[in-house]
Amino acid sequence: MRTLHGLKVRLLQLLAMFLPGGTSTRIRLHRWRGVELVSIGKDAYLGVRSVIVAHFNDVTPEIIRGRRHSVRIEDQAWVGPGALIMPGVTIGRGAVVAAGSVVTGNVPEMTMVQGNPARPVARCGVPLGPNASAVEFYRKLKPLRT
């Protein structure tokens with residue numbers, strides 16, 4: 001019975017890795033396979049081959065300081081392809097994580113981050129997603145001066 005459950009979880013994981021549908025199919029498959037320490041908000045997008053590290057050896061509810069989830073991806077957040085999200089991170093509402101970025105700390109809402117480790121590079125005027133075109137998103141993106 002345990003082997004059958006493990007096979008089901010692995011199959012769902014592989015399907016989530018390769019199937020399209022960053023706002024629906026992939027998220028649904030992860031929920032079906034029992035991902036427990038990750039909270040994914042409404043209209044959030046997970047890019048292909050993005051990795052969320054929440055179930056880690058020393059990640060327990062007391063280490064997360066009373067939070068129910070290790071990783072929170074809030075409403076309308078966008079996680080680009082190949083991004084790596086580490087334990088204990090919250091990605092705020094409407095935030096954007098650029099492709100290939102490694103997120104080790106919280107991302108404020110309506111902020112774009114990129115790099116390894118991911119650092120804020122811009123403020124988002126509108127959330128990237130189905131309600132705004134890419135042209136509108138880029139037009140309203142305000143670079144941060146460092």
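Biologist: What is the volume of the largest cavity?

Modeller: This is a predicted model, and the volume of its largest cavity comes to about 50 Å³.

Biologist: What makes that space a cavity and not a pocket?

Modeller: In a cavity a 1.4 Å probe fits but cannot get out, whereas a pocket is an open set of points. How many cavities of 30 Å³ or more there are is also settled: the count is one.

Biologist: Which residues line the largest cavity?

Modeller: Its lining is made of D43, Q76, P127, L128, G129, P130 and N131.

Biologist: How do you know how that lining divides into nonpolar, polar and charged?

Modeller: Pro and Leu count as nonpolar, Asp counts as charged, and Gly is placed with the polar residues. The division is therefore three nonpolar, three polar and one charged.

Biologist: Why is D43 called partly exposed?

Modeller: The relative accessibility of D43 is 47%. Partly exposed is the range between the buried limit of under 20% and the exposed limit of over 50%, so D43 belongs in that range.

Biologist: Which value does phi take in M110, and where in the chain is M110 found?

Modeller: Phi of M110 is near 55 degrees, again a positive value in a residue other than glycine. M110 is part of the loop between β9 and β10.

Biologist: Why does M110 count as buried?

Modeller: M110 has a relative accessible area of 8%.

Biologist: What makes S101 buried?

Modeller: The relative accessible area of S101 is 1%. That is under the limit of 20%, so S101 is classed as buried. The position of S101 is in the loop between β8 (96-97) and β9 (102-103).

Biologist: How do you know that the side chain of S101 makes polar contacts?

Modeller: A polar contact needs a pair of N or O atoms within 3.5 Å. One polar atom of the S101 side chain is 2.9 Å from the backbone oxygen of A98. The S101 side chain also reaches the backbone nitrogen of G115, at 3.1 Å. Both distances are within 3.5 Å, so each pair meets the distance condition.

Biologist: Which residues is S101 in contact with, leaving aside neighbours within four places in sequence?

Modeller: Those residues are G82, A83, L84, V113, Q114, G115 and A118. Contact here means heavy atoms within 4.5 Å.

Biologist: What sort of peptide bond leads from N116 to P117?

Modeller: That bond is cis, and its omega is near -5 degrees. P117 lies in the loop between β10 (111-114) and β11 (119-123).

Biologist: Why is P143 called exposed?

Modeller: P143 has a relative accessibility of 51%. Exposed means over 50%, so P143 falls in that class. P143 is in strand β12 (residues 142-143), and beyond its neighbours within four places in sequence, P143 is in contact with V121 and A122.

Biologist: What makes S70 buried, and where is S70 found?

Modeller: S70 has a relative accessible area of 1%, which is under 20%, so S70 is buried. S70 is found in the loop between β3 and β4 (71-73). From S70 to A54 the distance is 5.5 Å, C-alpha to C-alpha, for residues 16 apart in sequence.

Biologist: How much space lies in the largest pocket, and which residues lie nearest its centre?

Modeller: The largest pocket holds about 530 Å³. Its lining has 22 residues, and Q13, H30, R33, S50 and I52 lie nearest the centre. The lining divides into 11 nonpolar, six polar and five charged residues.

Biologist: Which helices and strands each supply at least two residues of that lining?

Modeller: They are α1 (2-18), α2 (25-32), β1 (38-40) and β3 (51-52). The chain as a whole has three helices and 12 strands.

Biologist: What share of the chain is buried?

Modeller: Of the 146 residues, 37% are buried.

Conventions: Residues are numbered from 1 along each chain as its sequence is written. This is a predicted model: local features need pLDDT of at least 70, side-chain atom pairs count only at pLDDT 80 or more; totals for chains, interfaces and linings use all residues. Side-chain values use heavy atoms; hydrogens and water are left out. On a 1 Å grid over the protein atoms alone, a cavity is a set of points where a 1.4 Å probe fits but cannot get out, and a pocket is an open set with protein on both sides within 12 Å along at least five of seven lines; lining residues have an atom within 4 Å of a point. Grid points are joined across faces, edges and corners, and a volume is the space filled by probe spheres set on the points. Helices (H or I, at least four residues) and strands (E, at least two) are DSSP runs, numbered from the N terminus. Buried means under 20% relative accessible area, exposed over 50%, partly exposed in between (1.4 Å probe, protein chains only). A polar contact is a pair of N or O atoms within 3.5 Å; within protein, one must be able to donate a hydrogen and the other to accept it, and residues adjacent in sequence count only if both atoms are side-chain atoms.
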